[in-house]
Amino acid sequence: MTESTPFLGIEGVVAGYGGGDVLKGVDFTVKEGGVTCIVGPNGSGKSTLLKVISGLLKPRLGQIYFKGTPLVGLTPRAILKLGIVQVPQNHSLFGEMSVEENVELGAFIVRDRSVIARRMDSVREMFPIVAERAKDKAGSLSSGQQRLVEFARCLMLEPELVVLDEPSMGLDPKTLRVMFDTVKMMNAMGRTVLLVEQNARQALKMSHHGVVLENGQVRLSGTGSEVLNNPEIGVLFLGGALLEKPKAS
Ligand SMILES: Nc1ncnc2c1ncn2[C@@H]1O[C@H](COP(=O)(O)OP(=O)(O)OP(=O)(O)O)[C@@H](O)[C@H]1O
Ligand SMILES: [Mg+2]
């Protein structure tokens, strides 16, 4: 990888679901080792973009490069094998299976039992809940606990890039902090993170880079604090919350 090869480069991506285009030419790069946060209004195409990155949706135009390798046309499994793992927006554990079984499933493309056992050990260390609730049905866990188990499961592939779609969805404020701390921890342990968040303010605060997606295009990108402090952004999707309230006359 040369100096100019981006870790993940998204170039001119146009994609949709048959009718009109949802993504209308999306360009940005994700830097290695950082946390990049995509924010934007509902329906702006954030999840659609993540589906294109994971190979679940083929773009009509454009290309995505992961350390120089073009991803468009690869199967989701091939993209997993390259080291990109996504945790989807909706809860995705098998509720009737145990926590441990769910986490092990994360390593479904790994054959070597000793590798799986070693990774299970390190995941248990990082996520105590995986050991504490090992035999419990995943469906019996709270929303926040399920999120952590989903993170644990995705780490079973030791991904280089962790892609998270709205991990804060449905979490109460306390669990939300634990979840964000866990994202920071995964990043500190060497995983590059790309996440989508509705909880824009908190997410941008902990992100190195921010991207604002609006109506299928990048409206703004910069450091997390540049995006957070841009007054237009407050108007766009924080309901003006970042702006001063007009004084009563
Ligand atoms: N499977 C699908 N088939 C058809 N249209 C879809 C499908 N998934 C999403 N869309 C449409 O694509 C547009 C963008 O959806 P997307 O889920 O990417 O938005 P989003 O930015 O993730 O929104 P949210 O913040 O609500 O998660 C929306 O208009 C949505 O209705
Ligand atoms: Mg979404």
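This is a predicted model: local features need pLDDT of at least 70, side-chain atom pairs count only at pLDDT 80 or more; totals for chains, interfaces and linings use all residues.

Residues are numbered from 1 along each chain as its sequence is written, and chains are lettered from A and ligands numbered from 1 in the order in which they are written. Helices (H or I, at least four residues) and strands (E, at least two) are DSSP runs, numbered from the N terminus.

One open sheet consists of four strands in the order β2-β1-β4-β5, with antiparallel pairing; two strands count as paired if DSSP finds at least two bridges between them. At its edges lie β2 (21-30) and β5 (69-70), each of which pairs on one side only. Strands of a sheet pair through backbone hydrogen bonds, either parallel or antiparallel. Seven bridges link β1 and β2, which run antiparallel. In this pairing Gly 16 is opposite Asp 21 of β2, and Gly 9 is opposite Thr 29 of β2. The two strands β1 and β2 make a hairpin with four residues between them, and Gly 18 in the turn has a positive phi of about 115°. Strand β1 (residues 8-16) also pairs with strand β4 (residues 61-66), in the antiparallel sense and over five bridges. Here Leu 8 faces Phe 66 of β4. Helix α1 packs on this sheet, where it touches β1, β2 and β4, and its direction makes about 65° with that of β2. Contact requires C-beta atoms, placed from the backbone, to lie within 7 Å. Axes are lines fitted to C-alpha atoms, for helices over the stretch in contact, and angles run from 0 to 180 degrees between N-to-C directions.

Another open sheet has six strands in the order β6-β7-β8-β3-β9-β10, and its pairing is mixed. Its edge strands are β6 and β10 (217-223), each pairing on one side only. From one strand to the next, the twist averages 15°. Within this sheet, β7 and strand β8 (residues 192-196) run parallel and are joined by five bridges; Leu 164 stands opposite Leu 195 in β8. Helix α7 lies across β3 (35-39), β7 and β8, at about 150° to β8.

Which residues are found around ligand 1? They are Tyr 17, Val 22, Gly 40, Asn 42, Gly 43, Ser 44, Gly 45, Lys 46, Ser 47, Thr 48 and Gln 198, each with its C-beta atom, placed from the backbone, within 6 Å of the ligand. Helix α1 (residues 46-54) contributes the most to this shell, with three residues.

Helix α6 is mostly covered, with twelve of its 13 residues buried; a buried residue has 20 or more other C-beta atoms within 10 Å of its own, the C-beta atoms being placed from the backbone. Among the buried residues of α6 are Arg 147, Glu 150 and Phe 151. Its cover includes β6 (84-87), α3 (99-105), α4 (113-126), α5 (128-132), β7 (161-165) and α7 (173-188). At 1.5 Å a residue, the 13 residues of helix α6 (residues 143-155) should span 18 Å, and the end C-alpha atoms are 19 Å apart, which agrees; the expected span is 1.5 Å times one less than the number of residues.

How values were computed:
Two residues are in contact if their C-beta atoms, placed from the backbone, lie within 7 Å.
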